[in-house]
Amino acid sequence: MIILFLRRLRVLFFIIFGKPDQVLKSPEDDDRKVRRREKNRVAAQRSRKKQTQKADKLHEEYECLEQENTVLRREIGKLTEELKHLSEALKEHEKMCPLLLCPVNFVPVPRPDPVASCLPR
């Protein structure tokens, strides 16, 4: 019975005077709270801006690396084709080269395939 009475008394106190934290607050506390919130808001904006700038910079770097990668892949393709062409020309030349056809100079030396050894693995 006493507990019920105290609860009702507490409710009436809150209705009349407000919550306990509101009763004990001074105008300086309110000003401090407003300044703290404003400071936090500004810091959060600064943090979000910094994060956006970092993401933008990473995206630009990604785009540059993609372009560089494309250029390098084209160059690899061109050099591979040139290597194949030169290897074929060398094979054709070896068939009729007088220095290679001379029995004195003929020493069979196994050569690795030049195209296979230069391609990326």
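Predicted model: local features only at pLDDT ≥ 70, side-chain atom pairs only at ≥ 80, totals over all residues.

Author: Lys-95 is exposed because its relative accessible area is 58%; the classes are buried for under 20% relative accessible area, exposed for over 50%, and partly exposed in between, with a 1.4 Å probe and protein chains only as cover. Lys-95 also forms a salt bridge with Glu-92, and the closest N and O atoms of the two sit 3.3 Å apart. The term salt bridge here means a side-chain nitrogen of Lys or Arg within 4 Å of a carboxyl oxygen of Asp or Glu. Both partners belong to helix 3, and they are 3 residues apart, so about one helical turn separates Lys-95 from Glu-92.

Residues are numbered from 1 along each chain as its sequence is written, and side-chain values use heavy atoms, with hydrogens and water left out.

The structure holds 2 salt bridges. Glu-38 and Arg-41 make another such pair, with an N to O distance of 2.4 Å. These residues are again in helix 3, 3 residues apart, or about one turn of the helix. Glu-38 is partly exposed because its relative accessible area is 39%, and Arg-41 is partly exposed because its value is 39%. As a general point, side chains of opposite charge can pair when their charged atoms come close.

Helix 3 has 70 residues and spans 104 Å from its first C-alpha to its last, close to the 104 Å expected at 1.5 Å a residue; the expected span is 1.5 Å times one less than the number of residues. Helices are DSSP runs of H or I with at least four residues, strands are E runs of at least two, and both are numbered from the N terminus. The buried residues of helix 3 are Thr-80, Leu-83 and Ser-87. Thr-80 has 16% relative accessibility and therefore counts as buried. Its side chain reaches the backbone oxygen of Ile-76 at 2.7 Å. For that kind of polar contact, the rule is a pair of N or O atoms within 3.5 Å; within protein, one must be able to donate a hydrogen and the other to accept it, and residues adjacent in sequence count only if both atoms are side-chain atoms.

What about the rest of the chain? The protein has 5 helices and 0 strands, and buried residues make up 5% of its 121 residues. The accessible surface is about 12000 Å², with 62% of that belonging to carbon and sulfur atoms. Helix 1 is hardly covered, with 0 buried residues among its 16. Phe-13 lies in helix 1, which covers residues 2-17, and counts as partly exposed because its relative accessibility is 38%.

One last check, on the cysteines. A search of the whole structure finds 0 disulfides, taking a disulfide as a pair of cysteine sulfur atoms within 2.5 Å. Cys-64 counts as exposed because its relative accessibility is 52%, whereas Cys-97 is buried because its relative accessible area is 9%.

Notes: Areas by Shrake-Rupley, 256 points an atom, 1.4 Å probe, with all protein chains shown as cover.
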